[in-house]
Amino acid sequence: MENRVTKLLGIRYPLLQGGMAWIAESTLASAVSNAGGAGIIAGGSAPIDYLRDEIRKCKSLTDKPFGVNIMLMSPNAEDLAQLVVDEGVSFVTTGAGNPGVYVPAWKEAGIKVIPVVPSVALARRLVKAGADAVIAEGTESGGHIGQNTTMCLVPQIVDAVGADVPVIAAGGIADGRGVAAAFMLGADGVQIGTRFLASEECKIHENYKNAVVKAKDTDNAITGFYSGSPCRCIKSKYTKKLQEMEKNAAPPEDFEALTVGSLRKAVVDGNLDEGSLLCGLIAGMIKEVKPVREIVDDIMSGAGKLLGKEF
Ligand code: TUI
């Protein structure tokens, strides 16, 4: 089935992989693209040379389109924004901010621009600025989150901008039922992150993967609520400590001491007590690690059956 998202990106399935900072690299992104979705390499706050290498590796691993996520809170976002132009990636997604200043240069370079928008207002503004699609991301997502839920946000963004650009739903989607629900809300595509944490091709530490598979529906925590940068993770000693510090209004340097390097501790070291195990609310539904192709095929065939469409 072709739709606005598959046509926009030149892909088989209207399924984008989440641009998970420190996690989404060339092996995962190329596997998703080779399976018919749209793989994404996360820029995060990576050094420019690392991201350039990952883009080039991905080009060697797939001849299918793939994208790069630019995390706008990164201190080197401007350099990474230029890198995607120099490397000629096919599309860019953005997160954690308003990418307005970069849109003209990306459009001029022929790069499709797909920002994550946590609100109707930002969706309208960015579509006016030239966005080719928007990702309506609900608070069920892992990592840095907005306040609105997928169920409430997607139809409102569809009503606001859906006539002009396709809307991609994100947050809490990990199987065919979630995709079908997103389509019923008016989305033309989905972005899925957490399900791919428990994939064979995802290079996070085994401890992190096992924590995702083991997580129950209630094993989730939001940190950074009061600092204005809420972040969803698997509940752990780390999230408990952070939440206690928030309650006691600890000084910023104490937060800094705990959070600096915490994503690396989770992803690289598999440190379950001190690492920040970013993960969406849907983890409770994920029961096993599978190859990316199987995950994508299962999700899309499940959605197809429910929607009466052949994906
Ligand atoms: O970006 C994400 N998820 C992320 S990024 C990340 S790494 C990180 N490191 C340190 C601090 C913060 C993050 C981990 N997870 N998701 C997309 C997303 N974008 N969620 C929410 C937003 C967002 C928020 C505000 C997008 C735009 C926005 O605009 C505000 C404005 O300027 O209007």
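This is a predicted model: local features need pLDDT of at least 70, side-chain atom pairs count only at pLDDT 80 or more; totals for chains, interfaces and linings use all residues.
Me: Into which domains is the protein chain divided?

Reply: There are two entries to note. Domain 1 covers 4-202 + 287-307, and domain 2 covers 216-278. Their C-alpha centres lie 24 Å apart. The contact draws 12 residues from domain 1 and 10 residues from domain 2.

Me: How much area do domain 1 and domain 2 bury between them?

Reply: General idea: interface size is often quoted as the accessible area lost when the parts come together. In this model, domain 1 and domain 2 bury about 900 Å² between them. Carbon and sulfur atoms carry 66% of that area.

Me: Which three residues supply more of the area that domain 1 buries against domain 2 than any other three?

Reply: Trp22, Gly143 and Ile145. Together they supply 53% of what domain 1 buries against domain 2.

Me: How many salt bridges and polar contacts does the rule find across the interface?

Reply: Salt bridges: 0. Polar contacts: 5 residue pairs, both residues at pLDDT 80 or more. On the side of domain 1 that touches domain 2, the residues divide into 6 nonpolar, 5 polar and 1 charged.

Me: Now the second largest pocket. Which residues lie nearest its centre?

Reply: Ala21, Trp22, Ile23, Ala46 and Tyr50, out of 15 lining residues.

Terms used. Residues are numbered from 1 along each chain as its sequence is written. Side-chain values use heavy atoms; hydrogens and water are left out. Domain bounds come from an automatic or database domain assignment. Contact means heavy atoms within 4.5 Å. Buried area is the accessible area (1.4 Å probe) that two parts lose on being put together, summed over both. A salt bridge is a side-chain nitrogen of Lys or Arg within 4 Å of a carboxyl oxygen of Asp or Glu. A polar contact is a pair of N or O atoms within 3.5 Å; within protein, one must be able to donate a hydrogen and the other to accept it, and residues adjacent in sequence count only if both atoms are side-chain atoms. Ala, Val, Leu, Ile, Met, Phe, Trp, Tyr, Cys and Pro count as nonpolar, Asp, Glu, Lys and Arg as charged, and the others, Gly among them, as polar. On a 1 Å grid over the protein atoms alone, a cavity is a set of points where a 1.4 Å probe fits but cannot get out, and a pocket is an open set with protein on both sides within 12 Å along at least five of seven lines; lining residues have an atom within 4 Å of a point.
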